[in-house]
Amino acid sequence: MRIGLIGAGAIGRFLLQEINGKSRADLMVVSVFVRNKAKYEELAKTYNVALYQEMENFLASDADIIVEAATVEAAQVLLPQIIPHKSALAISIGAFRDAAFYEKMEEISKQSKQKIYLPSGAIGGLDIVQNANILGGVEKVTLVTRKPAASLVDHPVETEEIIFEGSAGEAIRAFPKNINVSIILSLAGIGMEQTKVQIIADAAATSNSHSVTVEGDFGKASLTVENQPLPENPKTSYLAAMSVLGTLQRLNQSIKIGE
């Protein structure tokens, strides 16, 4: 599968290293869309990719799928241009917190028969949420996110402090850069206003953890994921980066597990 990549930041470079750098037989990044070609000429030589600054030319390249690894703002502008022509895997999940944008992309996808893939990112248990709610039987979904205090608040925290309790929709509005996992959890389950979120600033925490609990007529399920940072960029979750690579690999598999 030939991949067109938008962005050459932490996750973009991770994909280039893991796919082109390790010569995976089933995947290859062939083109990269950037704002400044001159800045990334060495990257293009290292990984043997073509650089593009014009979206029309980028979409005309021989990529089978586009991976958006840029920003929420870029995703909101570029995805409507991409999906009429090619399927895409979108990393900037924050773009889909806007219900109008979600509905717009859903309609474009249906009309063009192109797919939009949203990887699980730094969270787990989405398959449980989706399967348990296939008949509408999920009654409650909660997310407890625990992060180092300094990454959430400016004031000193001696032990731990609950800094937010409410719906996922409210959490996203209050912490737009800190709680993206609640977006994908809400989309997979019962919606942003029904999904409940608690955010804890922990003075002793050295990594981010996300605990998901799902309750319904199927029973109850709980899962906690503790994320380590990407070695090359401490601001990016290692699991989030791996979830992108994992999604791409599964698209190529003849036998699908858990899908």
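The model is predicted. A search of the whole structure finds 7 salt bridges, and the count of aromatic pairs comes to 6. Helix 1 (residues 10-20) is largely enclosed by the rest of the structure, as 8 of its 11 residues are buried.

**Salt bridges**

- Arg 2 and Asp 62 meet through their side chains in a salt bridge, at 3.8 Å from N to O. This pair links distant parts of the chain, 60 residues apart: Arg 2 belongs to strand 1 (residues 2-6), while Asp 62 is in the loop between helix 3 (55-60) and strand 4 (65-68).
- Arg 2 is partly exposed, with a relative accessible area of 36%, and Asp 62 also counts as partly exposed, at 47% relative accessibility.
- A network of salt bridges links Arg 2, Asp 62 and Asp 64.
- Arg 146 forms a salt bridge with Asp 202, and the closest N and O atoms of the two are 3.0 Å apart. Because Arg 146 lies in strand 7 (residues 138-148) and Asp 202 in strand 9 (residues 196-202), the pair ties together parts that are 56 residues apart in sequence.
- Arg 146 is partly exposed, its relative accessible area being 25%, whereas Asp 202 counts as buried at 11% relative accessibility.
- Arg 24 forms a salt bridge with Glu 18, with the closest N and O atoms 3.6 Å apart. Arg 24 counts as partly exposed at 24% relative accessibility, but Glu 18 is buried, with a relative accessible area of 15%.

**Negative surface patch**

- Asp 98, Glu 103, Glu 106 and Glu 107 gather on the surface in a patch of negative charge.
- Asp 98 is found in the loop between strand 5 (87-90) and helix 5 (99-112).
- With a relative accessible area of 36%, Asp 98 is partly exposed. Patches are made of residues with over 30% relative accessible area and no salt bridge.

**Aromatic pairs**

- The 6 aromatic pairs include Phe 96 and Phe 101, which are arranged edge-to-face, at 5.3 Å centre to centre and with 70 degrees between the planes.
- Phe 96 and Phe 101 are both buried.
- Phe 33, Tyr 52 and Phe 58 are linked into a cluster by ring pairs.

**Positive phi values outside glycine**

- Ser 23 has a phi near 50 degrees, a positive value in a residue other than glycine. Ser 23 is placed in the loop between helix 1 and strand 2 (28-33), and is exposed, with a relative accessible area of 57%.
- Lys 113 has a phi near 60 degrees, likewise a positive value in a residue other than glycine. Lys 113 is found in the loop between helix 5 and strand 6 (116-117), where its relative accessible area of 70% makes it exposed.

How values were computed:
Residues are numbered from 1 along each chain as its sequence is written. This is a predicted model: local features need pLDDT of at least 70, side-chain atom pairs count only at pLDDT 80 or more; totals for chains, interfaces and linings use all residues. Side-chain values use heavy atoms; hydrogens and water are left out. Patches are made of residues with over 30% relative accessible area and no salt bridge: like charges are joined within 9 Å, nonpolar side chains (Val, Leu, Ile, Met, Phe, Trp, Tyr) within 5 Å. Accessible areas come from the Shrake-Rupley method with a 1.4 Å probe; for residues, only the protein chains shown count as cover. A salt bridge is a side-chain nitrogen of Lys or Arg within 4 Å of a carboxyl oxygen of Asp or Glu. Lys and Arg count as positive and Asp and Glu as negative; His and the chain ends are not counted. The place of a charge is taken as NZ of Lys, CZ of Arg, CG of Asp or CD of Glu. Helices (H or I, at least four residues) and strands (E, at least two) are DSSP runs, numbered from the N terminus. Buried means under 20% relative accessible area, exposed over 50%, partly exposed in between (1.4 Å probe, protein chains only). Rings of Phe, Tyr and Trp (its six-membered ring) pair if their centres lie within 6.5 Å; planes under 30 degrees apart count as stacked, over 60 as edge-to-face and the rest as tilted.
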